[in-house]
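This briefing goes through one protein model, topic by topic. Please keep the sequence and the 3D view at hand while reading.

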Amino acid sequence: MSEVRVRFAPSPTGFFHIGSARTALFNWLYAKHTGGQFILRVEDTDKERNTEEALQVLIEGMQWLGLDWDEGPGKGGQFGPYFQSQRSAVYEEYLNLLKSKNRVYEKEGALWFRLEGERYIEYDDFKKAEVEKVKNTPVVIDDAIRGRVERTEERDFVIVRSNGEPVFHFVNVVDDISMNITHVIRGEDHLSNTSKHVELFKAFGVKPPIFAHIPLILKESGPGKMSKRDKGALIEEYQKRGFVSDAVCNYICLLGWNPKDDQEKMSIQTIIERFDFDGINKGNARFDEQKLAALNSEYLKELSIETLTQLALPELEEAGCVTDQTDREYLHSVLRLVQPKIKSLDTLADYVGYFFQERYEEDAKALARIQKNGDAKNLLLEIMEVFEAQEAYTSEQLEETLTQIASKHQRKLFAYFPIIRFAISGRSGGPDLLPLLAVMGRDRVLSRLRAFLENTSI
RNA sequence: CUCCCGUUCGUCUAGCCCGGCCUAGGACACCAGGUUUUCAUCCUGGCGACAGGGGUUCGAAUCCCCUACGGGAGGCCA
């Protein structure tokens with residue numbers, strides 16, 4: 001039994017598309033699941049757009065998702081080189097092989113692959129021209145996901161352009177042969193092309209690998225598959241926005257694959273164990289950012305405070321909440337406080353801004369609501385009296401004092417909450433109030449309460 | 001225009017291969033309550049689907065055929 005060898009063969013375009021990422025992920029999972037090898041092969045034949053930076057985007061994206069490769073760029077391997085731009089000699093060799101079998105001919109400067117079978121001319125309504133077709137026997141693809149698929153390839157096709165560059169179908173097959181690829185896991189958009197590939201495998205006299213065509217990811221709204229310009233399409237965006245990479249991985253897996261027992265949130269280790277072709281769906285899946293966000297928030301809640309801080313820091317720094325001067329202890333305690341509540345990191349700065357900045361916006365509507373209930377000023381004055389005197393600001397002690405003044409003034413404990421919250425944060429919602437006060441600490445709380453009493457007419 | 005693939009709640013999906021246990025299960029979203037302050041928290045409940053039509057069968061979401069719809073491919077792009 002030979003070892004499983006799968007590959008991810010992206011063309012660096014400067015973006016790391018979520019669909020590509022999932023193809024990479026499924027290949028990687030299959031390799032891990034079977035104990036096989038995962039190969040990264042860069043299809044950089046299109047010199048125009050394949051730049052060094054474009055490659056970097058791809059590699060960073062792969063690393064961010066935790067998809068390491070056994071052979072490929074930066075890693076080497078005995079089947080290299082792993083850049084198609086460096087494999088001309090291999091292509092030359094295989095081209096000669098085809099030529100020796102009389103399967104190549106030249107037309108208009110390009111090299112064409114010759115199908116076997118009887119030829120005839122037919123008008124083609126798509127090409128709007130007379131074209132030569134071949135009466136060919138159908139190719140049978142025994143797809144690991146879709147089952148038996150039959151398709152007839154009925155026209156010769158170009159394998160080397162007139163400028164000398166070999167085309168995708170050719171290099172793809174040659175590389176899969178010369179790299180001993182055993183399973184080709186790729187998007188369904190390649191299913192129709194597979195008949196070309198199988199014809200080439202047959203011409204080379206090589207048994208084709210096992211094909212597994214995975215469903216496509218459709219854009220969130222509107223028709224068609226997801227493309228680079230669609231919302232949520234780029235992996236690097238999630239990275240920038242502070243998504244948990246494990247959450248993104250987990251979500252992408254769920255787009256077209258599931259373990260069949262309603263499990264959704266799974267560690268990558270669990271997914272590796274459970275991943276297999278029979279869990280992959282045939283139908284295309286529509287991308288749903290809300291579901292991703294929900295999963296991501298579950299992951300956020302489990303992060304260690306150090307990891308959470310690391311993820312949140314760029315956003316907080318950019319918003320000016322946090323600087324080098326910010327006390328790390330304080331930052332940690334704020335994040336620990338809000339962690340059970342947060343849903344995403346890309347709006348975190350707005351949610352916690354007031355912890356760090358003395359100037360923050362006040363929500364006029366919230367204030368109006370509080371004033372409607374009346375007595376706001378008295379409530380605050382009653383509090384000031386005891387808060388000033390109090391030294392210890394733990395959640396429990398604050399509750400005790402508040403309970404005392406409440407009974408002294410014959411009020412409900414919670415009568416004080418809204419106005420306190422507003423006076424120190426300018427809003428009506430947020431983390432639980434008592435722990436919040438404890439985190440902010442005596443000095444901050446007192447100075448904000450004083451400032452509020454002075455500056456705001458209530 | 002041709003060929004290929006697909007079609008279960010709004011969305012991701014379980015069930016389909018091996019027909020009865022399906023009054024079709026879960027999750028996200030949404031709605032309603034609750035959590036003796038707030039909610040970008042948590043809990044409970046609700047809403048909500050077998051694309052349509054024909055077969056086969058005692059019995060079909062499950063098997064077969066047709067139609068419709070969706071997706072993909074048909075490049076000297078990958």
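The model is a predicted one, in which local features need pLDDT of at least 70, side-chain atom pairs count only at pLDDT 80 or more, and totals for chains, interfaces and linings use all residues. Residues are numbered from 1 along each chain as its sequence is written, chains are lettered from A and ligands numbered from 1 in the order in which they are written, and side-chain values use heavy atoms, with hydrogens and water left out.

- Helices (H or I, at least four residues) and strands (E, at least two) are DSSP runs, numbered from the N terminus.
- S7 pairs with strand S8 (residues 147–151) in the antiparallel sense, over five bridges; two strands count as paired if DSSP finds at least two bridges between them.

**The three-stranded sheet**

- An open sheet is formed by three strands in the order S3-S4-S9, with antiparallel pairing.
- Strand S3 (104–107) and strand S9 (157–160) are the edge strands, each pairing on one side only.
- From one strand to the next, the twist averages 50°; the axes behind this angle are lines fitted to C-alpha atoms (for helices over the stretch in contact), and angles run from 0 to 180 degrees between N-to-C directions.
- S3 and strand S4 (residues 110–113) run antiparallel and are joined by four bridges.
- Lysine 107 has alanine 110, in S4, as its bridge partner.

**Nonpolar cores**

- A nonpolar core is a set of buried Ala, Val, Leu, Ile, Met, Phe, Trp, Tyr and Cys residues joined through side-chain atoms within 4.5 Å. Buried means under 20% relative accessible area, exposed over 50%, and partly exposed in between (1.4 Å probe, protein chains only).
- The largest nonpolar core has 112 residues, and the members that touch the most others are Leu316, Phe355, Phe387 and Leu402.
- Helix H1 (residues 18–34) contributes the most to this core, with nine residues.
- Not counting residues up to four places away in sequence, leucine 316 touches Cys321, Val322, Leu331, Leu335, Leu348, Ala349 and Val352; contact means heavy atoms within 4.5 Å.
- A second, separate core holds 33 residues, among them Val104, Ile159, Phe170 and Ile177.

- Valine 338 lies in helix H11 (residues 328–338) and is buried, at 0% relative accessibility.
- With neighbours within four places in sequence left aside, valine 338 is in contact with Leu348, Tyr351, Val352 and Pro431.
- Valine 338 and valine 352 are 14 residues apart along the chain, and their C-alpha atoms are separated by 8.1 Å.
- Histidine 169 is in helix H4 (residues 168–178) and counts as buried at 15% relative accessibility.
- Phe157, Asn193, Lys196, His197 and Leu200 are in contact with histidine 169, leaving aside its neighbours within four places in sequence.

**Salt bridges**

- A salt bridge is a side-chain nitrogen of Lys or Arg within 4 Å of a carboxyl oxygen of Asp or Glu. By this rule there are 38 salt bridges.
- Lysine 128 and aspartate 125 form a salt bridge at 3.0 Å, N to O, and both residues are exposed.
- Glutamate 199 and lysine 202 form a salt bridge in which the closest N and O atoms are 3.9 Å apart. The two residues are three apart in helix H5 (residues 194–204), and so are separated by about one helical turn.
- Glutamate 199 is buried at 4% relative accessible area, whereas lysine 202 is partly exposed at 46%.
- Arginine 274 and aspartate 261 meet in a salt bridge at 2.9 Å, N to O. Arginine 274 lies in helix H8 (residues 268–274) and aspartate 261 in the loop between helix H7 (245–254) and H8, so the pair ties together parts that are 13 residues apart in sequence.
- Arginine 274 is partly exposed at 34% relative accessible area, and aspartate 261 is partly exposed at 37%.
- A network of salt bridges links Arg7, Arg41, Glu43, Arg87, Asp175 and Asp176.

**Domains**

- Chain A is divided into domain 1 (87–214), domain 2 (304–348) and domain 3 (364–455); the bounds come from an automatic or database domain assignment.
- The C-alpha centres of domain 1 and domain 2 are 54 Å apart.
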